[in-house]
Amino acid sequence: MSLEQLNANSFEKIIYDNAESCLVIFSRKSCHVCKEVVPVLEELQLQYRDRVGFYYVDVEEDKNLSQRFSLKGVPQILFFKDGEYQAKLAGAVDEDKVIDKIAEVLES
Amino acid sequence: MKREALTQKLLVLGVDGMDPKVTRKFLAEGIMPNLQKFIEKGSAREDLSHLGALPTITPACWTTLATGAYPGTHGITCFWRQSPKSLDAVVYNMDSRNCEAEQLWNVTTEAGLKTLVWHWPGSAWPPTSDNPNLNVVDGTQPGSVNMGVAQLDWEKVIAANEEITELIYAPKLERPAGTGCMISDLSAITEEEEEPATDMMELWYGEAAMTGSEIREYIMGPENMEMVIESIPHYDVVNSPLKNAEGWAAVPADAKEFTILTSDGIVRRPTLILKNSDGIYDRIAIYKNKKAEKPIVVLELGKMVSGIVDDINKEGVLKPACRSMKLLELSPDGTSVKLWISNALDIAQDKLWHPKELLKDVVENVGPVQPVSLVGGEDAYLVEKVYEPAWDSYCQWQAKALNHLIKKHEYQVVFSHLHNVDCAGHMFWHLAKNLERWSYTDPEVNQNFIRKFYIQTDKYLGEFLHLLDEGWTIMILADHGLLVGEEFPPQIGEYGGMNVQVMEELGYTVMKKDANGKTLKEVDWEKTTAVQTRSNYIYINLKGRDAHGIVDPADKYELERKIMSDLYSYRYKGQRVIGLAMRNKDAVVLGTNGPQCGDIFFTVDEGFSRLHGDGLSTVEGAFDTSVSPIFLAAGTGIKENFTTARTIRQVDIAPTIATLIGVRMPAHCEGGPIYQILTEEM
């Protein structure tokens, strides 16, 4: 199942107004590493249904968002809980790393 | 011989950059009534000045004030120290371990006197003695308490209106006056730069600098000069949509909302725009989130609120931090809003407090350390609405903190420093004369800002007047003054690094060039015979001493003669620029000899001096300004309403304090007490 894409306005609503526990991957269509990481998240989101939201931001379509988080490269996975930024993972990451991070910051 | 103390309690009120000449102008205008009272109750020269040490640079002069030794003797000869490895680099120097002269507070504490050294930017940190009588707060940078170590988030201007469709955050934007705070094209202003942007605070006073990293700054042209850099304010800009409030737990009818971003853009604070009983929108309430019951703060239009504590998110860790905020604009119909929020200071950062409990004491009894503002420069709107009021608020916090500590801890000697005037001077004093480069600014407006900063200082000094009735002796003094420049100067004598232009024109410093003849930011050491670094120093590129030395030691003397001759002959706009130039050994007459003073010491002549730091301590500028530092003393042991004609040297102040408080002279002291102002014949 593909990840729900966010734009600047839906980002505000979901991350902050709804204060969901979630992760957001910032990526770009032409990025090779992103093409490896995104499917990992697509798989994982099924395991976390109703507990953790999985979202996607295209940094080319929403430059403001990547600017706001001072992201210098992609992919980067940002973790949010209670409307607060918690942590991020950068670059090529595998399933275990994401699971560990979710446990550490979203389910602790 | 043991001397009797003339006073039991002595407070030094240091005001960085306070110039006696412009002070007298403002006294005559009647806008400094508190200082007038100090003068009437005490002693000073008629012109209120003292003869500052050279160079007229902050840490050098504060160290002279603390030790009674000349900079050549104590070894703190500029903001930075020459790098031991490279002629073109400097290293951090606001470290007490670099000071080779004994500080007076070591003497007072050894004599059993409880002493507080508060943000003294010259050889105070790390604490210079483990004597429990010595308490020290910061002193690692000249700005404000904790500025170098507690900053968690930068200053921001937030603009919101109904036309903005999405939330935009642009960090550390250069905003020359007149560009406003609307971002029309984010990509146009945030293109990747060739070199990573460097934050001056981080570069100069950051962790790397403080642990000895080399700082390699070349002043290649006007754009690298401090007065040009500091004129242009930098701040984060947030543009937010503004709409009817929705999704809140509780919200009054007709409330509108917009969003503030903090924590480098990663934290969002929803904000309500609220009406008063007349139906006019006149305030905003900032919330942690839309479900929160109470706001973090309510801001009324035009009122600066300080001491606001909110969490800052640093890499996922929440830290409570203190901010000031001001609602700058709000349209009565609530459709457009603009506010400023200060940088955020970690309220628990105690690493520069000795003992650490002092911070807790101040936070609990006075309030968290307040941030100041560093946005202003050529933007008169920001200077008036933000920069000056933020400093005023900080001054009041500092006065309260000092008064609290003095009362509670029963200090007998207090050395304190305040940076408001100097900080403002670096931002806009040069705009108080209409120089061509800043022809779009208004000198009169900026002259009035100078006035405001002196009024602010007077208010601060007034907070200590009561101590005169409680047996205290008070000295009001500065390290140097600040002048309003008569001319835009050539690039020599700029303290921030290696000055290229004049030395390149004279053929001593040679820069490498690329295939197209474009000058590179790289010294050609094979052709460079001398460089000019820091405020007033020229170093010969000497074989056997310097890493890339090419000058034979046998030729050094003649080369120095030639350089000095060329410096005197150098003309800028037809005028001589260099005041004095002398060999290191001869500079003993100025107190600027010895291993930290280069091979040649020179000064920039009156007329071409910048704000301070490049010329003699007696130079004067436009708008009745000068680089002389102020000195006056009042209270127990000091003659009342007394004027002395004596020349008071900066090295005389520490021995005067030692005499008043009845302790021995600091070990390397080169001055003598100002006998004439003391109540007791000596």
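Of the 682 residues of chain B, 62% count as buried, a term that stands for under 20% relative accessible area with a 1.4 Å probe and protein chains only. The structure is a predicted model, in which local features need pLDDT of at least 70, side-chain atom pairs count only at pLDDT 80 or more, and totals for chains, interfaces and linings use all residues. Residues are numbered from 1 along each chain as its sequence is written, and side-chain values use heavy atoms, with hydrogens and water left out.

**Chain B as a whole**
- Chain B holds 16 helices and 36 strands, which are DSSP runs (helices H or I of at least four residues, strands E of at least two) numbered from the N terminus.
- Taken along the principal axes, the C-alpha atoms of chain B fill a box of roughly 80 × 70 × 45 Å.
- Among contacts (heavy atoms within 4.5 Å) in chain B between residues at least 6 apart in sequence, 68% join residues at least 24 apart.

**Aromatic pairs**
- Over all chains, the whole structure contains 32 aromatic pairs, meaning rings of Phe, Tyr and Trp (its six-membered ring) with centres within 6.5 Å, where planes under 30 degrees apart count as stacked, over 60 as edge-to-face and the rest as tilted.
- The ring centres of A:Phe69 and A:Phe80 lie 5.8 Å apart with the planes at 75°, so this pair is edge-to-face.
- A:Phe69 sits in the loop between helix H3 (63-68) and strand S4 (76-81) of chain A, whereas A:Phe80 belongs to strand S4, eleven residues apart.
- A:Phe69 is buried at a relative accessible area of 5%, and A:Phe80 is buried at 0%.
- B:Tyr460 and B:Phe464 also pair edge-to-face, 5.2 Å centre to centre with 70° between the planes, and both residues are buried.

Key: Chains are lettered from A and ligands numbered from 1 in the order in which they are written. Buried means under 20% relative accessible area, exposed over 50%, partly exposed in between (1.4 Å probe, protein chains only).
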